[in-house]
Amino acid sequence: ALVPANSQLDLKKLAAAAGEKKVQMAAQREAERLTGLEKGGISPLALLDRGWPIIIDETIILFDRIEISAGKVGVGVIVEVEGLLRVLHAGQADIIS
């Protein structure tokens, strides 16, 4: 799930958007183990080969470009929203509280 930095992910909304009964946030160690990336550097771009579904908060359409993690802590990349959605095959939904 991708949400704006100043927002809070709503797990109930995410579960509904993903067609699941319930979802939970992975603990830091588990997230790092599953992704091979360090907290603060977990990027959907670095995880394309995993085949994990990606859901982005619907507010993304308000922007032409956004900054996302480049896969390393403290390193970001500015990307065009249309291209990002296409590359990630991401769904969009209201997933913030």
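User: What makes the largest pocket a pocket, and how much space lies in it?
Analyst: About 1800 Å³ lies in the largest pocket. A pocket is an open set of points on a 1 Å grid over the protein atoms alone, where a 1.4 Å probe fits, with protein on both sides within 12 Å along at least five of seven lines. This is a predicted model: local features need pLDDT of at least 70, side-chain atom pairs pLDDT 80 or more, while totals for chains, interfaces and linings use all residues. Residues are numbered from 1 along each chain as its sequence is written, and side-chain values use heavy atoms, without hydrogens and water.

User: How many residues line the largest pocket?
Analyst: The count is 47, each with an atom within 4 Å of a point. Ala1, Leu2, Val3, Leu9 and Ile42 lie nearest the centre.

User: Why is the contact of Asp94 with Lys13 called a salt bridge?
Analyst: The term requires a side-chain nitrogen of Lys or Arg within 4 Å of a carboxyl oxygen of Asp or Glu. The closest N and O atoms of Asp94 and Lys13 are 3.2 Å apart, so the pair qualifies. Asp94 and Lys13 sit 81 residues apart in the chain.

User: What makes Arg33 and Glu30 a salt bridge?
Analyst: Their closest N and O atoms are 2.8 Å apart, so this pair also meets the cut-off.

User: Why is Arg33 called exposed?
Analyst: Its relative accessibility is 57%. Exposed means over 50%, buried under 20%, and partly exposed in between, with a 1.4 Å probe and protein chains only. Therefore Arg33 counts as exposed.

User: How is Glu30 classed, and why?
Analyst: Glu30 has 33%, so it is partly exposed.

Methods: Points joined across faces, edges and corners; volume = space filled by probe spheres on them. Helix = DSSP H or I, 4+ residues; strand = E, 2+ residues; numbered from the N terminus.
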